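Have the structure open while you read.

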Amino acid sequence: MTISEENYLKVIYHLSQVSPTGVNTNAIAGTLETKASSVTDMMKKLSEKELVIYQKYQGVTLTEKGFLSAKMIVRKHRLWEVFLVEKLGFAWDEVHEIAEELEHIKSKKLINRLDEFLGCPDFDPHGDPIPNENGEIKNVAKLLLSEVEINKEYQCVGVKDSSSEFLQYLDKQKIALGTVLKVSHKEKFDETLTIQFDKNSLIISSKIAKNLFVKIKTHE
């Protein structure tokens, strides 16, 4: 596959997480910032390679072959993000664009060695699951901070928005994966939250709460 074909597959994979019955070609065009006609041309190419099922006006779905291929691209991307953060000291808001380039390296042997070198991590620095070499994914039951119960303890496990701006905001507030927090108050008018963590109290907007994934804190 070309780099462009891989990028399209990955975008379809991500969009299919919220549209499992079929991804709209306009959504693909919007994500890749390209013309709808270019998307149609690419869908025909990917269809010929048996990577997608495409019918005009009915959306796009990945074939089993396409689904596995997309997961392998995602696997490479997320493993490189782990490597960049854990071994090279990059911040979590710096690694996405670099991993976008590294994910197109073809060597399966290299990626499996990288996985082994990193200790076969299940999740990347943003809390997203990393597919193993067979495409299997370990998922965690999670919900958005905006959905939690008042005065219950939760642990941060991921971000919905992985933009540099949001990640830098979390760094500034000293909120990271693993941070244990609880919501002490929710404003009815605008859903602003008051959260408590590490002896700190912070008021956050509804937008922030809708972009932070948490899970119920278990007491072992």
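In this predicted model, α4 passes α6 in a left-handed crossing. Helix α4 covers residues 64–86 and helix α6 residues 108–117, and their axes cross at roughly 40 degrees, coming within 10 Å. Angles from 65 to 115 degrees count as roughly perpendicular and those under 35 as roughly parallel, so α4 and α6 end up oblique to each other. On the α4 side the contact uses R75, K76, L79, W80 and F83, while α6 brings in L110, I111, N112, L114, D115 and F117. Sorted by class, the contact of α4 with α6 has seven nonpolar, one polar and three charged residues.

Now for the other helix pair. Helix α2 (residues 25–32) packs on helix α3 (residues 36–48) at an angle of about 110 degrees, with the axes 9 Å apart. That makes α2 roughly perpendicular to α3. The α2/α3 crossing is right-handed. T25, N26, I28 and A29 of α2 meet A36, V39 and M43 of α3. By class, the contact of α2 with α3 has five nonpolar, two polar and no charged residues.

What about the strands? Strand β8 (residues 212–216) runs antiparallel to β3, and β8 also pairs with β4 in the antiparallel sense. Here are the two pairings:

| Pair | Strand residues | Bridges |
|---|---|---|
| β3 with β8 | β3: residues 143–144 | two bridges |
| β4 with β8 | β4: residues 154–159 | five bridges |

Key
Residues are numbered from 1 along each chain as its sequence is written. This is a predicted model: local features need pLDDT of at least 70, side-chain atom pairs count only at pLDDT 80 or more; totals for chains, interfaces and linings use all residues. Side-chain values use heavy atoms; hydrogens and water are left out. Two strands pair if DSSP finds at least two bridges between them. Helices (H or I, at least four residues) and strands (E, at least two) are DSSP runs, numbered from the N terminus. Axes are lines fitted to C-alpha atoms, for helices over the stretch in contact, and angles run from 0 to 180 degrees between N-to-C directions. Angles under 35 degrees count as roughly parallel, over 145 as roughly antiparallel, 65 to 115 as roughly perpendicular and the rest as oblique. A crossing is left-handed if the near helix is turned anticlockwise from the far one by less than a right angle, and right-handed if clockwise. Contact means heavy atoms within 4.5 Å. Ala, Val, Leu, Ile, Met, Phe, Trp, Tyr, Cys and Pro count as nonpolar, Asp, Glu, Lys and Arg as charged, and the others, Gly among them, as polar.
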